[in-house]
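Q: Could you walk me through the ligand site in this one, and then a spot elsewhere in the chain?

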Amino acid sequence: MSNYHIKNLEEYFQVYRKSVREPENFWQEVAEEHFVWRKKWDNVLSWDFSKPEVKWFENAKLNITENCIDRHLLTNGDKTAIIWEPNEPGDKALHLTYNELHKKVNKFANVLKENGIEKGDRVCIYLPMIPELAYAVLACARIGAIHSVVFAGFSSSALATRTLDADCKMLITSDGSFRGAKTLDLKGIVDRALEDCPDVKTVLVAKRTGAEINMKEGRDKWLEPLMEEASDVCSPEIMDAEDPLFILYTSGSTGKPKGMLHTTAGYMVYSAYTFKNIFKYENDDVYWCTADIGWITGHSYIIYGPLLNGATTVMFEGVPSYPDFGRFWEIVEKHKVNQFYTAPTAIRALAKKSVDLVDNYDLTSIKVLGTVGEPINEEAWHWYDNNIGKSKSPIVDTWWQTETGGIMISPIPFVTPTKPTFATLPFPGIQPVLMDENGDEIKGNQVDGRLCIKFPWPSMARTIWGNHERYRDTYFSAFRNMYFTGDGALRDEVGYYRITGRVDDVIIVSGHNLGTAPIEDAINEHPAVAESAVVGFPHEVKGNALYGFVILKEAGESRNQDNLRKEINQQISDKIGPIAKPDKIQFVAGLPKTRSGKIMRRILRKIASNDTSDLGDTSTLLNPEVVEDIIEGSLNK
Ligand code: ATP
Ligand code: MG
């Protein structure tokens, strides 16, 4: 992949203009230059958002694993494809070359075939961050089976719902998993989940913890012996551009998770092209994304994007807090990581700890930092910039969604000047617009509205698995001929975008639209505050009023709470205006989070409105116990 990098702002604008004026030519050139096609497309794009139906690179033939692995073998077979860092810092990391990855994936693909998996079948993957997870994903893609990865922290009922929804024939798991000091009994969770999933005929079990587990006769098989026996030759299934590649469920922050279906060619082109530009990956770099492969970030930017570029990608089994909060930095030093991509929730957790935990390690290898998943508040941004990037490594604040398949709005490092809390400019090919409540586009700068995308891009999800109507209703019905993201955003005086939060969470106080992110940002600036969440609740006079939930850095902060409230309110008045001051501020020990680490505001909204009888779908909740505590301490009592 040669002349792939966008080098300066002028070139960005040129490329961007071309991508908008001649989108088909633009994407055709990207697709032609950088991939192996068994047959080229007849037509670059056809689309109709009213149905919605979108097809990219129609009738092209390819296999994504041939692009991820085979074509690197001639020149780069001995290059490390995956560095796997185990949970225990003392255990040896695995350095797997492209040649070795090729053999593993082929073997695994043959195991799938021998166990009755064919093109189009769904395979559920419920594995911890061990190498077998990468092999399993790629093995499915090799034979055209549709993978559905479920994060291995989900409960048995959440696993069962997803397995049933995707109608999976096979499930791949392990005997257990290590997460920090804990060992989890994954197989036990699988057994309980499968009581409700009679169509799963085969369970492949990787060995990780060596725990004693139950193996169900005729259904469960150890993976290792099958891998040993299997041939390491497996020719890739030739797929159509629009054949499904995978199903992946959204995080479940706002309600019942949706099984987004992604297809082959467009996803490949977009994940590769964004990876290369947004992380400025260069030949011998070591790239690390700390997400779990159970989320879209892990799909696109641990596996597909990096491997499509022949990169070296780090996969970490453990957690940032084990054996202590210096673990991330220890790994950066050890593997000389050049690009580091994580989430605001992790940054905030690490920023609460002493910087000694950072300063013990040599982070000079770092060139580019990234964040994804939630709006990053200004204080966390500066902490990341100063302590990890040493003020010399640009931060790419990447806005995107499970539905979008790849990064949509983000700085390009060393090209786009960054601005804290701003995702900045759209990636080439992406046409964002802001819409008002009446369905009209809000033109010009220094405006805010609902963020929509008005033109298709290659990696957009094509449907919700088994429920096209829900897909249309959720994303294509609010605004005519637009993809509606569900997020609110503002565009500043130079056209930079800032995501202000989910539109469902936008609170109208005395007629003013208030996004949650800027208010939380102001609260978090207070030196005693670690994290916060703001929601609205009905108010007789104002229509709505604000309720803030605040975690302090020092648990049991001895200072007078009323004084703290006053200071926080003052800060909000200074940064935004008195209108944004919460009526109530409750100090809490924790906030309800999804398993991907995002604040679940809809639960806080219920508590703020004093309506806690039905909290809705909480199966994606990481820490149900904090909900009880918050209700207990609620200021509505
Ligand atoms: P669900 O759709 O089930 O409610 P979810 O939206 O959390 O869950 P994801 O697809 O993982 O599921 O997350 C996408 C959302 O995360 C975006 O719509 C946005 O609200 C938020 N987000 C992601 N990246 C950023 C970012 N850089 N800045 C601000 N918000 C972000
Ligand atoms: Mg969402």
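Q: How far is an oxygen atom of ligand 1 from the side chain of Asp487?
A: In this predicted model, an oxygen atom of ligand 1 sits 2.7 Å from an N or O atom in the Asp487 side chain.

Q: And how much of ligand 1 does the protein bury?
A: Taken alone, ligand 1 exposes 630 Å², and the protein buries 94% of that (Shrake-Rupley areas with a 1.4 Å probe).

Q: What do the nitrogen atoms of the ligand have around them?
A: One nitrogen atom of ligand 1 is 2.8 Å from an N or O atom in the side chain of Asp397, and a backbone N or O atom of Gly373 lies 3.0 Å from a nitrogen atom of ligand 1.

Q: How many residues surround ligand 1?
A: There are 21, each with a heavy atom within 4 Å, and the closest are Gly252, Ser253, Thr254, Thr402 and Lys598.

Q: Switching topic, is Asp505 buried or exposed?
A: Asp505 is buried, with a relative accessible area of 8%, where buried means under 20%.

Q: What does the Asp505 side chain pair with?
A: The side chains of Asp505 and Arg605 are joined by a polar contact of 2.3 Å (N or O atoms within 3.5 Å, one able to donate a hydrogen and the other to accept it).

Key: Residues numbered from 1 in each chain as written. Chains lettered and ligands numbered in written order. Predicted model: local features only at pLDDT ≥ 70, side-chain atom pairs only at ≥ 80, totals over all residues. Heavy atoms only, no water. Buried < 20%, exposed > 50% of the residue type's maximum accessible area, 1.4 Å probe, protein only.
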